[in-house]
Structure formats: structure tokens, C-alpha cells
Amino acid sequence: MNSSRGVDNGLTFEKIDALEDYKKDSRFTNRERLAIEFADRMTRTDMDVSDKFFNVLREEFEVDELVELAGVISLENFRSKFNNAFRIEAQGFCLLKKQND
């Protein structure tokens, strides 16, 4: 998702860098881990949002939260696919500024 907005809302660069190992990294809460896995399962064609996983999500999130998450994930997937099809490069609107800058 949009890292620059995350940084604007308190997300650290260390956490962004740790995303690849989010399942094991202690910097991520259980809710964050589940939300990231939800995004992975919605995005990757080799994964699925199974009924079992959805039930796990429902233990942590309200239905309206899941609808919002699914909407944002879908929108980012749409943008990614659309931009790639038309070879639209980043326009520099959401540049990440290092915290030391």
C-alpha cells in the first residue's frame, strides 16, 4: 500500500524494511500481521482467502473493518495492474522522506 501515507501517519522506515519478515518480526502486532496476510492472499494468485482464514480475521476485525481493508487492498491492486499495463511510472507525488531529512 502507499508507504508515504503510512509514514505520514507514524509508520517507521524500520517497519517498512521489515515487511518481508512480518510474520516473525515483533514490531508487528497481530492485527497488522493479519491485515498484511489478508493483502497477500487477495493479491497473490497462488493464495486464497479461505473460509478458515476469514474466520480468523473475523476474530480480530469487525465486518466494517474488513470491508474497508478489502476495498483499499483492491484499489491498490487495481492501480498496480492499471499502471503496469500502460507503463505509468511513479509521478513523484508520494515521495518517502527519510526521517533524518
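Here is a short walk through the structure, from its overall build to its core.

What you have is a predicted model, where local features need pLDDT of at least 70, side-chain atom pairs count only at pLDDT 80 or more, and totals for chains, interfaces and linings use all residues. Residues are numbered from 1 along each chain as its sequence is written, and side-chain values use heavy atoms, with hydrogens and water left out.

The protein has five helices and zero strands, with helices taken as DSSP runs of H or I, at least four residues long, strands as E runs of at least two, and both numbered from the N terminus. Of its 101 residues, 22% are buried, meaning under 20% relative accessible area with a 1.4 Å probe, protein chains only.

Let's start with α5, residues 63–85. This helix has 23 residues and spans 33 Å from first C-alpha to last, close to the 33 Å expected at 1.5 Å a residue; the expected span is 1.5 Å times one less than the number of residues. Its buried residues are Leu66, Ile73 and Asn77, and their cover includes α3 (30–43) and α4 (51–60). Just after α5, arginine 87 takes a positive phi of about 55 degrees.

Now for the inside. The largest nonpolar core has nine residues, among them Phe38, Leu57, Leu66 and Ile73. α3, α4 and α5 each supply at least two of the core residues, and α3 gives the most, with four. Such a core is a set of buried Ala, Val, Leu, Ile, Met, Phe, Trp, Tyr and Cys residues joined through side-chain atoms within 4.5 Å.

Alanine 35 is part of that core. Leaving aside neighbours within four places in sequence, alanine 35 is in contact (heavy atoms within 4.5 Å) with Phe61, Leu69 and Ile73.

How values were computed:
Buried < 20%, exposed > 50% of the residue type's maximum accessible area, 1.4 Å probe, protein only.
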